[in-house]
Amino acid sequence: MKNKIISFQDLIKISKLKRSRNKKIVLCHGVFDLLHIGHIKHLQEAKTFGDILIVTITPDKFVQKGPNRPAFNSQLRLEALQALECIDYVSINKWMTATDTIKLLKPHIYCKGPDYKKKENDVTKKIYDEEKAINSIKGSIKFTSDISYSSSNLLNNFFNIYTDKQKKYLKEISKKLSFKDIKKSISKLESIKVLILGETIIDKYVFCETLGKSGKEPMLALREIKTEEYYGGAVAIANHLSNFCKSINLFTIIGEKKEYQKKIIKNVARNVMLTFFYKDNSPTIVKKRFLDIINNNKILGVYEINDELININHQIKIEKQLKKLKNKVDLIIVSDYGHGFLSKKTAKTVATISNSVALNAQVNAANLGLHTINNYKNLETAVINEMELRQEMKDRNSEIKLLIKKLANKMNIKNFIITRGKNGLIYYDRIKNNYIKCPAFASDIVDKIGAGDAMLSILSLAFKAGLDKHLSLLLGSLAAAQSVESMGNSISVDKDKILKVIQNLIK
């Protein structure tokens with residue numbers, strides 16, 4: 001059998017050569033995770049549109065169809081396509097979409113399946129960019145007309161790519177809501193006016209080569225290779241929300257020298273209204289982590305931080321600014337990292353601004369044993385992890401549901417979420433005295449930093465909008481999954497990606 005699998009650079013040369021010989025080139029692009037009869041008929045019809053059929057596939061790292069996808073890696077997908085007689089060449093794409101591929105290969109026809117005739121059904125909206133790209137090279141887009149099947153539907157129903165808990169949870173949603181219902185529900189989030197309150201944290205990742213033990217001293221020696229800087233804390237929450245709602249206010253604190261202010265302004269989403277406060281005798285919080293560049297394992301953390309409570313004059317300024325927003329925001333999201341920004345008095349003021357307050361009060365290396373969520377009462381939503389719950393309750397052994405209920409009643413928390421890593425989360429509805437367990441949906445964990453912030457941001461919006469509880473928890477879980485699949489806060493939660501994942505999960 002002819003080897004049809006070629007590199008993308010060679011594919012560019014071949015495409016140019018075929019065009020020079022007046023051959024009509026047709027390009028198809030997709031994931032092709034599970035090659036089925038729908039794909040075969042689509043590709044066979046595509047070949048009838050021209051002389052040469054080129055197929056490119058999405059790289060594994062860009063497949064956004066949910067946990068454990070793709071089911072088949074790129075090499076296996078290439079080999080499956082190579083076996084089809086109608087295909088002349090197959091290659092792996094370098095990008096998330098086919099836009100750049102179209103511009104480089106310059107096909108006469110870009111061919112999509114019948115599902116894409118109604119472009120509005122493409123939740124990622126990439127079809128519009130691809131159509132623009134084919135038009136820019138004076139080509140045309142065509143749609144095949146044969147039967148349509150779904151790889152996701154076949155994988156969901158006949159392959160064990162999801163756990164029993166995941167299947168049961170997704171079934172609970174799909175029997176109540178169609179994908180159209182879910183899209184409509186998520187669109188409700190746009191109109192919610194949000195205020196975010198919390199510290200800005202600069203996450204510096206220093207990637208190093210491990211040299212080994214120093215020759216003269218009992219210490220580990222590293223060679224610095226590169227440094228990456230991400231904008232975390234409250235800034236990350238604002239960026240997560242920017243794709244879901246239009247009106248966002250961010251109250252955050254940085255160091256007195258304002259050394260990061262311009263960078264923060266540059267790296268925050270455009271629909272975020274920033275209000276800065278400055279802490280005397282303090283740097284902007286920088287959490288530097290040293291990583292082994294081979295496997296990205298964290299070796300050491302060094303923090304630039306001043307945990308002292310801000311002075312009374314600054315507290316008064318914050319409270320004055322907060323009072324200006326009374327009755328002007330629908331939801332306040334507080335991410336209290338325990339680094340001295342939010343006093344008990346400020347916490348009480350927050351409760352007078354809106355009756356919808358969501359909280360993430362994080363325990364970390366700098367505040368372990370000192371931080372508490374007790375400063376906050378009457379919360380609509382709170383997210384903490386199991387360790388933080390047990391520390392708060394000073395109880396290592398009791399059954400977790402008992403501790404959840406006790407703390408929810410003590411603090412008057414309406415929606416209480418306890419995250420449990422790979423074991424997912426437990427949700428407690430204090431009003432209905434009801435528990436829901438939601439499994440984790442992350443499959444490729446790169447870095448857990450920021451996962452709680454991502455979950456809190458989307459969950460609190462969903463609860464405020466009155467979305468179905470199972471759907472709300474799934475949205476929060478998928479937001480956390482997106483977060484842990486990238487380094488630090490390098491990528492913000494993307495609404496279209498979440499919709500695409502849900503679309504495939506419930507097929």
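1. A search of the whole structure finds one cavity of 30 Å³ or more.

2. A friendly word on the basis: this is a predicted model, with local features needing pLDDT of at least 70, side-chain atom pairs counted only at pLDDT 80 or more, and totals for chains, interfaces and linings using all residues. Numbering runs from 1 along each chain as its sequence is written, and side-chain values use heavy atoms, without hydrogens and water.

3. The lining of the largest cavity includes Thr200, Lys279, Asn306 and His339; lining residues have an atom within 4 Å of a point. Strand S8 (residues 247-255) gives the most to this lining, with three residues. Strands are DSSP runs of E, at least two residues, and helices are runs of H or I, at least four, numbered from the N terminus.

4. Do have a look at helices H11 (residues 312-324) and H12 (residues 344-353), which pack at about 5° with axes 9 Å apart. The axes are lines fitted to C-alpha atoms over the stretch in contact, with angles from 0 to 180 degrees between N-to-C directions. H11 and H12 are therefore roughly parallel, a term for angles under 35 degrees.

5. For the whole chain, the secondary structure comes to 17 helices and 17 strands.

Notes: Parallel < 35°, antiparallel > 145°, perpendicular 65-115°, else oblique. 1 Å grid on protein atoms, 1.4 Å probe; cavity = no way out; pocket = protein on both sides within 12 Å on 5 of 7 lines; lining within 4 Å. Points joined across faces, edges and corners; volume = space filled by probe spheres on them.
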